[in-house]
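Subject: Structure handover

Hi,

Here is the structure I promised to pass on. Please open it first, then read my notes below alongside it.

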Amino acid sequence: MSTQRFVCIHGHFYQPARENPWTGTVPLAPDAYPFHDWNARITAESYGPNGWSQVRDAMGRVAEVVNNYERINFNFGPTLLSWLATNSREVYEAILAADRASAARFGGHGSAIAQGYNHLILPLANRRDKRTQVLWGIGDFVHRFGRQPEGMWLPETAVDLETLDILAQQGIAYTILAPRQIAATRAPGESAWVENVNESVDPRHPYRVELPSGRSIAVFVYHGALARAVAFERLLANGEHFAAALLGVFLPGRPQPQLAHIATDGETYGHHHTFGDMALAYALRTIEREGGVRLTNYGEFLRLHPPTHTARILENTSWSCAHGVERWRSDCGCASGAHPDWNQAWRAPLREALDWLRDEIAPRFEAELAGVVRDPWEARDEYIALILRPEPAAEKEYLTRHQARRLTTTLRRRILGSMRMQRHLMLMYSSCGWFFDDIAGVEATMILRQAGWVIQQARAHYQIDLLPGVLERLRPAVSNDPDAGDGAKVFLRACPELQQTALI
């Protein structure tokens, strides 16, 4: 009898682009001591240990050293992989090797999946930016893993139908959602929809979401209570208990295939929970030795057991905001909990300021490249090739492919300068800028620096000063720290390169 019980653990590994856009280097982060910065610290605590995790016996002795990535489903954000490729090559190579090994283990289906390029909240983006984020995420994945991705992680699992349709259009077979993101489900052969009340949706099998375009995509809805126990309730304190909890998901007597699966931040395993990588390694080994149960990844399971049930999603929802996607545009009440008396009223004017900057740049971008490239936005979609290979041969290939006429040195600079600006316009939307408690925090100032660099470049390339308009829109974004002031003052402290030309 073939196996009917499967286990899959997904880890979402991500860090934003921490580099200062003016220097290209990651600045010292004193709060990451004894490491130089948080990328280095989390690599030492999580990304590295998961590549060489210890499985210990009953006496506490090291019985085996394993690469956890080989046995789980995972995504690594492109901005993190870029940093790892330069700064922690051994860890980077272990991740790529794990994907190859997982394909051999799971019927030709590698465990790595793609991610929207820089963790932008896709439902809050316009269609043009959604498309670029998806195409850049796919392009980065193909460059690193050497194959097309089967799945894609939506940042914060934030979802709408337009985003799903773009994924399906680009050949993405599946994504992963939280249980509260499903509105209703329908069983095969039934006409009635069953509403998802209090996360009652069954996570043990995938669902097909039918899209207005006529396309469809599969979604895996992870086990919410179990994922919360792993992330926030110390289930990782004991690898045996972790394995037992996963195996406890199965319903006895059900003849249909069942999938016990969770999705959490990958940093849960070692960074958020010390030795969490070892609990994961122990649980995986325990499950492998359990009779009648098989480890799998989403790609393999989808091939073996395509969805027979359909689902309708709740648009503009996410896994980490009870109010949908409001955490990234309003004072919805979701915050880290570290400052319960603070407000996040600054979120709305921050987004308004960045949206205004993006929309002011767009027509100038088009005008700058009119008659120079065939399609400026298509050229932007394919700019990922040059981001990944910033070298003369790749530059020549890219420009030849997109030029509308013979290019002079000046025209080449115009194209490449405009594309670099578009990349930083993307980076200024990285989700962590809104996720935490204050506009003067590290995460918000990171995205403000990206906006500052764009403003400086717009002066040089488009002969326009957009700084006054951004400052005007940031002034209502008042910090909870009286010494920090409003968003305009926070912005100028984050971007000293612009201070001489600003009037506060």
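Start with Asp202. This residue is buried, with a relative accessible area of 17%. Keep in mind that the model is predicted.

Which residue does Asp202 meet in a salt bridge? The partner is Arg254, with N and O 2.9 Å apart. Arg254 is partly exposed, at 26% relative accessible area. Buried means under 20% here, so Asp202 at 17% falls within that limit.

**Other salt bridges**

The count comes to 35 salt bridges. In general, side chains of opposite charge can pair when their charged atoms come close.

Look next at Arg71 and Glu288. Their side chains meet in a salt bridge of 3.0 Å, N to O. This pair links distant parts of the chain, 217 residues apart. Arg71 is in the loop between β3 and β4 (73-76), while Glu288 is in helix α8 (residues 276-288). Arg71 is buried, with a relative accessible area of 11%. Glu288 is partly exposed, at 28%.

Both belong to a network of salt bridges. Its members are Glu64, Glu70, Arg71, Arg105, Arg285 and Glu288.

Now take Glu472 and Arg473. They form a salt bridge too, with their closest N and O atoms 4.0 Å apart. Glu472 is exposed, with a relative accessible area of 51%. Arg473 is partly exposed, at 22%.

**The helix around that pair**

Helix α17 covers residues 467-474. Which of its residues are buried? They are Leu467, Gly469, Val470, Leu471 and Leu474. These buried residues pack against α10 (347-369), α16 (442-462) and α18 (487-494). An α-helix has 3.6 residues a turn, so residues three or four places apart point the same way.

**The sheet**

Six strands form an open sheet. Their order is β7-β11-β10-β14-β8-β9, and the pairing is mixed. Why is one side of β7 and of β9 left without a neighbour in the sheet? β7 (174-177) and β9 (194-195) stand at the edges, and each has a single partner strand. Helix α5 (residues 161-169) packs on the sheet. This helix touches β7, β10, β11 and β14, and its direction makes about 110° with that of β11.

In β10, Tyr207 and Val209 point to one face and are buried.

β10 has two neighbours to check:

- β11 (residues 216-221) pairs with β10 in the antiparallel sense, over four bridges. Arg208 stands opposite Ala218 in β11.
- β14 (residues 309-313) runs parallel to β10, and two bridges join them. Tyr207 has His309 in β14 as its bridge partner.

The hairpin of β10 and β11 has five residues between the strands. Gly214 in this hairpin takes a positive phi near 100°.

Asn50 is in helix α1 (residues 38-51). Is Asn50 buried or exposed? Asn50 is buried, with a relative accessible area of 1%. Leaving aside residues up to four places away in sequence, Asn50 touches Val66, Asn67, Asn68, Tyr69, Tyr269, Asp277 and Leu280.

Val62 gives you a contrasting view. This residue lies in strand β3 (residues 62-66). Val62 is partly exposed, at 44% relative accessible area. Together with Trp52 and Val65, Val62 forms a nonpolar patch on the surface. The accessible area of the three comes to about 270 Å².

**Where to begin**

Find Asp202 and Arg254 and trace their salt bridge. Finish with the patch of Trp52, Val62 and Val65.

Best wishes

How values were computed
Residues are numbered from 1 along each chain as its sequence is written. This is a predicted model: local features need pLDDT of at least 70, side-chain atom pairs count only at pLDDT 80 or more; totals for chains, interfaces and linings use all residues. Side-chain values use heavy atoms; hydrogens and water are left out. Buried means under 20% relative accessible area, exposed over 50%, partly exposed in between (1.4 Å probe, protein chains only). Two strands pair if DSSP finds at least two bridges between them. Contact means heavy atoms within 4.5 Å. Axes are lines fitted to C-alpha atoms, for helices over the stretch in contact, and angles run from 0 to 180 degrees between N-to-C directions. Patches are made of residues with over 30% relative accessible area and no salt bridge: like charges are joined within 9 Å, nonpolar side chains (Val, Leu, Ile, Met, Phe, Trp, Tyr) within 5 Å. Accessible areas come from the Shrake-Rupley method with a 1.4 Å probe; for residues, only the protein chains shown count as cover.
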